[in-house]
Amino acid sequence: MTMTAVAELLAHSLKLVSLAANFQNYMAMLCQELANEQGRPEVRTAAGIALKNALTAKDEVTRTGLYDRWLAIDGTFRSQIKEALLQTLSSATVRAGSAAAQAIAAIAEIELPNGQWDQLFTFLKANMSSADGNTRECTLQAIGYVCETLNPKLLASQADGILTVIVKGAQKDEPNARVRIAALTALNHSLQFIENNFERDGDRNYIMMVVCEAATAPDANIQEKAFECLCNIVQTYYSKMQLYMQEALYGLTLQNMASENPNVALQAMEFWSTVCEEEASILQQNQSLSEPEKVPFFGFAKNIAGQLTPHLLFSMTKKEEDDDEDEWNVPMAAATCLSLLASVIETDILGLVVPWVENHINSTDWHYREAAVMAFGSILDGPDPNNLATLLEYSFPHFIGMMQDGHPQVKDTTAWALGRICEVLTLQSIKPDHLRALIAALIDGLAEQSKISTNCAWCILNLAEFASDDLEAMQTYKLSEYFQHLVTALLQSVDASRPMSRDANARATVYEAIANLVGTCAKDCFHIVTELAAEMVKRLQATIEMQSQLVQADDRSSLQELQGNLCSVLTSVVRRMGKLSLSFTDQIMLTILHMLSGASRSSTVIEDAFMVVSAVAGAADQDFNRYMPEFHPHLKAALQNPQESQLSTIAIGVVGDVSRALAELFREYTDDYMNLLALNLQTSHAYVQQVMLIINEVVAKTTMMAQNEGILEAYVGIVQGLGPTPAALAPHLGAMFGFMESIMMDPNHYDTAEIVMAGLAGDVAEAFPHGQLKAIFSAPWIEKLLQSLKVSFQVYPNSKTQDAMRWLRNGVRKQT
């Protein structure tokens with residue numbers, strides 16, 4: 001975009017912002033800009049996208065507000081906007097037409113479910129008879145966007161007409177390639193609502209013929225879209241694919257895996273990845289079904305495995321030295337497909353892959369050595385572990401030796417393959433000499449470039465994962481003699497002087513490996529773990545000192561990720577050592593509290609810090625109370641921010657951990673936390689189970705009458721917060737009403753508690769209006785509560801007592 005275009009776009013943007021307060025004028029201005037054939041394409045496109053964004057949003061609450069705002073506009077004005085958008089589909093500027101297509105779909109998403117704009121598809125279908133390629137292309141884009149956006153049930157009645165124009169646009173006699181691409185994209189988006197058409201042989205045969213013809217088109221972009229469509233078809237209509245597999249799809253996909261165009265080859269492999277995923281899912285599903293209930297299974301992957309595997313193995317040799325590991329490519333897709341194939345055909349994969357690996361593992365061409373290692377690592381999830389044991393024991397030393405390979409790509413993949421092997425083998429099953437050689441190779445690998453060292457760290461992580469089934473009794477284990485060396489090498493790999501320290505993903509893997517080592521270590525490693533804790537605290541303190549010095553958002557985000565990594569290790573340390581960690585938890589808590597004080601409310605590190613605190617509470621029990629004066633405000637602040645769902649979930653869990661740790665000492669904080677827990681439930685019902693369990697725990701420890709009212713108020717907030725969807729409350733009503741009964745049976749209870757209980761019981765009765773709670777409301781204590789309220793009102797007439805008595809009586813009538 002030229003500077004002049006930028007300036008013009010900015011001027012228009014400022015003008016639009018000034019109009020945004022008046023929504024109708026704003027939409028009119030955007031529509032005018034979009035429809036202006038003399039306008040710059042950049043400005044027109046931006047106006048169309050802005051118009052679309054003014055009508056829809058990802059957030060459900062925001063989206064509902066935008067829908068209501070549009071529907072509140074005068075119908076005549078809305079019709080003018082829609083007419084202008086439909087006309088713009090025929091713009092000479094395709095970008096403007098494409099933006100109009102998106103805006104049309106946004107309006108359709110609002111109006112069609114409300115029974116409006118029923119003439120939309122009549123207009124779109126008429127457009128497809130236009131001789132203008134732009135009109136047909138943008139019209140198909142609009143159809144595709146609408147199909148993608150709307151509930152398939154809303155479009156079922158239009159399916160035949162929509163499908164006709166889409167398939168017509170995808171046919172081989174369509175001269176415009178862009179139109180065919182738009183049609184295939186629209187077909188992909190429409191598959192959910194043309195189910196009836198796929199049930200009819202004639203319709204299905206014609207659709208499949210058109211798509212398969214497109215997959216053989218000379219234009220690679222058309223081919224790519226056709227294979228994308230085939231992937232979706234086989235996933236959606238697997239049960240209808242048997243004939244087409246035999247007649248066309250086997251040969252078509254295998255042939256195009258060798259395409260010179262990588263995008264076509266990728267989609268051809270994706271087709272078989274999709275088939276394998278679908279068949280693996282069906283096999284798993286059928287395990288729990290009786291014979292008549294089983295989902296049809298045709299074994300497409302097994303039928304073609306002998307032909308498919310050589311194509312995949314050859315494709316894996318196409319890796320290049322400068323391949324970007326974050327960019328999806330043919331070797332990655334082939335390895336993924338091979339792994340999925342193994343998950344379906346299981347042990348049969350060994351006979352197809354192992355001979356190829358043996359033939360190429362020592363090749364002079366690094367591409368084949370690397371592919372052999374990748375192939376071996378990719379199939380390990382398929383076969384029965386018992387069938388793998390001998391093979392792994394035999395091959396393990398060779399793979400360890402390949403960590404000395406002269407090519408970094410081979411060494412990197414070997415480190416990954418060793419990690420895969422360590423996922424299958426248990427630590428106990430590895431021979432001592434193999435383990436010694438493996439540890440030496442991994443420690444050397446940690447000093448290599450970032451990719452290799454990351455995979456070495458991941459291998460260590462897997463090696464430590466299942467060290468023992470009985471950690472409490474484990475005094476020593478196979479890694480004890482290597483523990484110090486492993487921890488030291490891992491820490492050194494993320495020193496500030498090393499490139500790996502600046503790679504967030506690599507650094508996270510290293511710290512996760514350390515946390516895993518600590519979490520599964522034997523007791524004879526605890527002295528090393530204690531030293532490690534001090535090092536983690538030291539590193540965490542250094543990051544806190546840096547917090548105020550960072551200005552760039554990316555730098556702050558990276559620092560928070562590092563703090564989270566360090567916290568994860570400290571959490572693992574405290575959980576593994578338990579009460580033995582209390583000798584250094586003061587330093588940990590002091591650092592954590594310091595970090596929390598400097599963290600913004602939106603900082604992700606708060607969640608990681610709370611996990612450390614949770615572990616300390618579990619280890620310290622009532623001794624944790626000495627940290628509460630400083631920690632209590634931070635926990636309250638987190639609970640006061642229920643919109644942050646992840647933080648709220650963790651904070652609620654911490655309340656439970658602290659409650660269990662402090663036991664009766666938690667009474668001091670009961671009122672604060674009960675009210676805040678109720679606040680969270682009013683915001684999101686997702687916390688019901690978690691909050692109710694915590695409240696029930698607090699109830700079990702409560703002996704003071706004043707605290708009972710705080711708990712009752714929390715219950716009231718929870719019931720009212722759940723509103724018309726009280727089902728999540730049902731499992732907890734026994735505990736709630738049992739608590740109220742215990743108060744009622746206490747001769748020293750407060751009269752004010754009776755008013756709260758009457759209101760709470762009445763709210764519950766209102767939430768279950770069909771008499772489902774007859775047994776609960778027939779309990780003698782309910783009648784006793786009503787009589788007590790009546791006496792209280794006679795002694796001291798007041799509206800609160802009267803209203804509570806009436807509310808409860810109405811509830812009892814509803815239920816009994």
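## Salt bridges: the criterion and a first case

A salt bridge here is a side-chain nitrogen of Lys or Arg within 4 Å of a carboxyl oxygen of Asp or Glu. Arg626 and Asp586 meet that criterion, with their closest N and O atoms 2.9 Å apart. Arg626 lies in the loop between α30 (605-620) and α31 (628-639). Asp586 belongs to helix α29 (residues 585-598), so the bridge ties together parts that are 40 residues apart in sequence. The model is predicted.

How exposed are the two partners? Arg626 is partly exposed, at 42% relative accessibility. Asp586 is also partly exposed, at 37%.

## Other salt bridges

How many salt bridges does a search of the whole structure find? The total is 27. One of them joins the side chains of Lys411 and Glu448, at 2.9 Å from N to O. Lys411 sits in helix α22 (residues 408-424). Glu448 sits in the loop between α23 (432-445) and α24 (450-465), so this bridge connects parts that are 37 residues apart in sequence. Lys411 has a relative accessible area of 13%. That value is under 20%, so Lys411 counts as buried. Glu448, at 31%, is partly exposed.

Glu766 and Lys814 form another bridge, and their closest N and O atoms are 2.4 Å apart. This one runs from helix to helix: Glu766 is in α37 (residues 751-767) and Lys814 in α40 (residues 799-815). The pair therefore ties together parts that are 48 residues apart in sequence. Glu766 is partly exposed, with a relative accessible area of 38%. Lys814 is partly exposed as well, at 38% relative accessibility. Elsewhere, salt bridges that share partners join Arg78, Lys82 and Glu111 into one network.

## Aromatic pairs

The search of the whole structure also finds 14 aromatic pairs. Trp356 and Tyr368 make one of them, with ring centres 6.3 Å apart and planes at 35°. Stacked pairs need planes under 30 degrees apart and edge-to-face pairs need over 60, so this pair is tilted. Trp356 lies in helix α19 (residues 348-360). Tyr368 lies in helix α20 (residues 366-378), so the contact ties together parts that are 12 residues apart in sequence. Trp356 counts as buried, at 17% relative accessibility. Tyr368 counts as partly exposed, at 23%.

Phe666 and Tyr669 form a further tilted pair. Their rings are 6.4 Å apart, centre to centre, with 50° between the planes. Buried or exposed? Phe666 is buried, with a relative accessible area of 2%. Tyr669 is buried too, at 6% relative accessibility.

## A ring cluster and a charge over a ring

Which residues do ring pairs link into a cluster? They are Phe610, Phe624, Tyr627 and Phe631.

The charged end of Arg69 sits over the ring of Phe23, 3.8 Å from the ring centre.

Terms used:
Residues are numbered from 1 along each chain as its sequence is written. This is a predicted model: local features need pLDDT of at least 70, side-chain atom pairs count only at pLDDT 80 or more; totals for chains, interfaces and linings use all residues. Side-chain values use heavy atoms; hydrogens and water are left out. Rings of Phe, Tyr and Trp (its six-membered ring) pair if their centres lie within 6.5 Å; planes under 30 degrees apart count as stacked, over 60 as edge-to-face and the rest as tilted. Helices (H or I, at least four residues) and strands (E, at least two) are DSSP runs, numbered from the N terminus. Buried means under 20% relative accessible area, exposed over 50%, partly exposed in between (1.4 Å probe, protein chains only). A charge sits over a ring if NZ of Lys or CZ of Arg is within 6 Å of the ring centre and within 35 degrees of the ring normal.
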